[in-house]
Amino acid sequence: MNTPAEASNNEARDLKKVFLVGSPNVGKSAIFNALTGSYVTVSNYPGTTVDISSGKMKIGRHHQFKIVDTPGMYSLKPITQEENVGRKLIFKERPDCILHVVDAKNLERMLPLTLQLIETGLPVILVLNLYDELLARGMQLHIAHLEHDLGIPVVETVAIRSLGIDNLSSRIVEVMENRYRFNTVELKYSDEIEENVAKISGLIKKDYSISKKTLASLIIQNDKDVLDMVKGEGDFDKIKALSDNTVSSQVRYKISHERQEKARDIITEHLVVDETRKRGVWRERLSQLMVHPIFGLPILALVLWFGLYKFVGEFGAGTMVNFIETNIFENIINPKVDIVFHSIFGDNMFFDLFAGEYGIITLGVRYAIAIIFPIVATFFIAFSVIEDTGYLPRLAMLVDRVFKKIGLSGRAVIPLTLGFGCDTMATIVTRTLETKRERIIATFLLSLAIPCSAQLGVLLGLMAGNPKMLFIWALTIIAVFLITGFLAKRLVKGEDTGFFMEMPPLRLPSLMNVFTKTYTRMIWYFKEVIPIFIMASVAIWFGKLTGIFDFLVRVISYPVTWAGMPEGASPAFLYGFFRRDFGAAGLFDLTKKGILDGNGLLVSAVVLTLFVPCVAQFAVMWKERGKGMAIGMALFIFPFAFFVGFLVNIILNALGVQL
Amino acid sequence: MICAFCTFEFDEKLAQHSCSGCLKLGGCSMIKCPRCSYESPPEPEWIKKFNRLFKKGKR
C-alpha cells in the first residue's frame, strides 16, 4: 500500500502538465501564483543550481493539472544554464500545454520564441501579460485576428491584478480536453535553410515528441545537445555530416533574422496605435532612427559630441582638472609635500622618491587624483547614461555593416566599447567573439586604435579648446582603425559572421542606476590605478637614480623627434609603457609647461593613442592570442604609431597648417 | 542583476567572473552577462541593501 507522500507523488506524476515559458521580467511568476495558489514546491533541476517551481492548479471541481514554472528563456537555442534547463524540461517532460508568457508591450521582441514553440508541435497558448501597460501606451492588439493568424489561443492578462486569469484557465481546459483546433502558422525559412532542414528531418525516424523541423533547425545550428538526442538514429552519420557542412553562425543569424521579420510582419498587421497617445511609438521611431545607416550617424555624432567632447573633454578634463590641478595640487599640496619631505630627508635621493618632479605624491598621486579622477568620473557618468538608455545594442546594429568590412560583426561592439573603459579587460572579452579571425582583429584594433577612458579624456581635454585639432585627430584615428582593419581582414583568413540581437526597449536613464554604475566603476578603476601609478613613480625614481630613465628617454627621443615632436615629449611616451593614461597625463603636464605647440600636441596625441599597449594589456594579449601574435602586434604597432605621427606632421607642414 | 547591454536578468552568483589570469591586482572582478558577455562591475553590498530598503519602502 502507498504512503500518503507516495500517493501524492503518483498523483502529481499522473496529472497533465502545463509549462510556463518566457523571458525574465514578464510576470511569469505572477501568472504561476495566480494559477496555483499556495500549492508550490521549489527544487533544483538535477545537476544544476537552477530553481524550478511546480504546483497544482485546480480549475472548478473536475480539473487538476500540474503546473511548472520554467527558468527564463529567450530562445530554444540556449546560451545560459537557465535556458538550457528550460529547454531540457520542454523536450524531455513533454508538456501537455505550454503557456508562453510575454510582455504585451514588447511583443515584437518576444514573438520569435512563440514561433519557435509553435514549431515544436506542442500545444501553445500565448499569454499577453502586462496588457494594461500596452493600453496605457495608447496601443491595442487585434487579439482575435492575432489568434487566427498564429493558430493558437491568445489571452490577455494583468496577472498581478488577477485580470484575465479566469479566461486563461478556461483556455487551458479547452486545450487539455482537445477541444481547441490548432491551426498553427508555419514559418518558412529561406530556400537554402528549408532544404537542409528537410534533408535532416527526412533522416530522423524516431519519435521525440518534438517536431522534426525544430530538431533539424537546431541541428543545422550545430546544437550539440540535440545532436546527442538523435545519436541513436540509423543515419546519424549523415545527420552529423549535414550539420558539420553548414556554417552554423551564419545559419543562426539567418534563422533568427527571418523569425524576427515574421514577428515584425505580424505585429505591423495586428497592433493598433492611438495616434493621440503615442509615447511608445515615439520611442520606437527614435530606436529605428538610431540603427538607420544614414540617420544613425548624426545621432551617434550628437552622442559623442555632448557625451564625450562637451562633458568629458571640456567639463571633466578642462574645468575640473584645472581646478584640482592648479588650485589644490600646485598651490597647496605639492609645495607642502616638498617642504615636509625636505625637512625629513633634505636633498638626498629619498626626497625625490616622494616629492619633487617625479615623486610618488607629487607625480603618481597627483596624476591619479588631479588628472585621472575628474576625467574617469565624467567619462563613467557619460558612459553609464548612454548604457542605461539602451543605446549600445543599437550602436552594435548601426556599425554591423561597417564592421563586416573589417572582418568583425556588430557583436565586436561589446569588447570595443569596453575597451574605452579598459583595453586589458576588453582584450579578455574578445574571446566571446565567434571566430578566431574576429578575435585576432579585435585584439589588434584594441591595442592599436582604441584609447582607454582616462587616456581619451585627457586627450579630449587637451584638444578641447581647438575643435580643428580634435577633428583631425579623430579623423586620423578612425582612418587608421578602418584601413588597418580592412587590411587585417584580408591578411587573416576566416569566415564572415552574422550578427543579430533582440533590441531591448529604449528607456530614460535612471539616476540611481547611473550613480550605482559610476560609483562601482570608479572604485574598480582606482583600486587598479593607484598602485600602478605609485609603482610607476617608484620605477621612474629608480630609473633616474641608476641613469636607466635618462637612457630610455634618449632612445625614445629618436622616433619622437623623427615624427616631428619636440624631444621634451619623450618622457610621456616612456610613461605610456606603464599605462596609456599615465602617458596621457604626462602629455598634459608637457602642454601646461609650454613644451608642445599646436602641431606638436596633435602629433603627440595621435602617436600616444596608437602607441603600444600598456604592460597589462600586452600580457593579456600574450595569454589570449599567444606569444607570437602578441609580439608581432607590438612590433608592428610601435613603429607604425610613429609613422602615422610622421605622416600627419608632413601633411600639416605641406598644407601650411598651424594649429 | 540586469545586463546593461542586452537587459538579460541573471543571478550574479551564478554568473562567470572574467578576471582570471590577467595581470591586474586581485583581478577586475567584473561580472559577465551569460547571454551577451558584456561586463559590468558588481554592485557594492551597501548599494544592494539600500536598493532593497528603497523597494520595500515603495511597497
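In the predicted model, helix α27 (residues 598–610) of chain A and helix α29 (residues 627–655) of chain A have axes that come within 8 Å and cross at roughly 155 degrees. Since angles over 145 degrees count as roughly antiparallel, α27(A) and α29(A) are therefore roughly antiparallel to each other, and the crossing of the two helices is right-handed. On the side of α27(A), the contact is formed by A:Asn599, A:Leu602, A:Val603, A:Val606, A:Val607 and A:Leu610. These meet A:Ile637, A:Phe640, A:Ala641, A:Phe642, A:Val644, A:Gly645, A:Val648, A:Asn649 and A:Leu652 in α29(A). Sorted by class, the residues in the contact of α27(A) with α29(A) comprise twelve nonpolar and three polar residues, with no charged residues.

The secondary structure of chain A as a whole comes to 29 helices and nine strands. Of the 659 residues of this chain, 48% count as buried. Among the contacts in chain A with a separation of 6 or more, 74% are accounted for by residues 24 or more positions apart.

The C-alpha atoms of A:His270 and A:His142 are separated by 5.2 Å, although the two residues are 128 residues apart along the chain. When residues up to four places away in sequence are not counted, A:His270 touches A:Leu141, A:His142, A:His145 and A:Leu146. A:His270 is classed as buried because 20 other C-beta atoms lie within 10 Å, where the cut-off for a buried residue is 20 or more.

Among the strands of chain A, strand β1 (residues 16–21) runs parallel to strand β4 (residues 63–69), and five bridges join the two. Within this pairing, A:Val18 has A:Ile67 in β4(A) as its bridge partner. Strand β1(A) is also joined by four bridges to strand β5 (residues 97–103) of chain A, again with the strands running parallel, and in this case A:Leu20 stands opposite A:Leu99 in β5(A).

Between the chains, the contact takes 26 residues from chain B and 30 residues from chain A. By class, the side of chain B that touches chain A has 17 nonpolar residues, together with four polar and five charged residues.

Note on methods:
Residues are numbered from 1 along each chain as its sequence is written. Chains are lettered from A and ligands numbered from 1 in the order in which they are written. This is a predicted model: local features need pLDDT of at least 70, side-chain atom pairs count only at pLDDT 80 or more; totals for chains, interfaces and linings use all residues. Axes are lines fitted to C-alpha atoms, for helices over the stretch in contact, and angles run from 0 to 180 degrees between N-to-C directions. Angles under 35 degrees count as roughly parallel, over 145 as roughly antiparallel, 65 to 115 as roughly perpendicular and the rest as oblique. A crossing is left-handed if the near helix is turned anticlockwise from the far one by less than a right angle, and right-handed if clockwise. Two residues are in contact if their C-beta atoms, placed from the backbone, lie within 7 Å. Ala, Val, Leu, Ile, Met, Phe, Trp, Tyr, Cys and Pro count as nonpolar, Asp, Glu, Lys and Arg as charged, and the others, Gly among them, as polar. A residue is buried if 20 or more other C-beta atoms lie within 10 Å of its own, exposed if 12 or fewer, and partly exposed in between; C-beta atoms are placed from the backbone. Two strands pair if DSSP finds at least two bridges between them.
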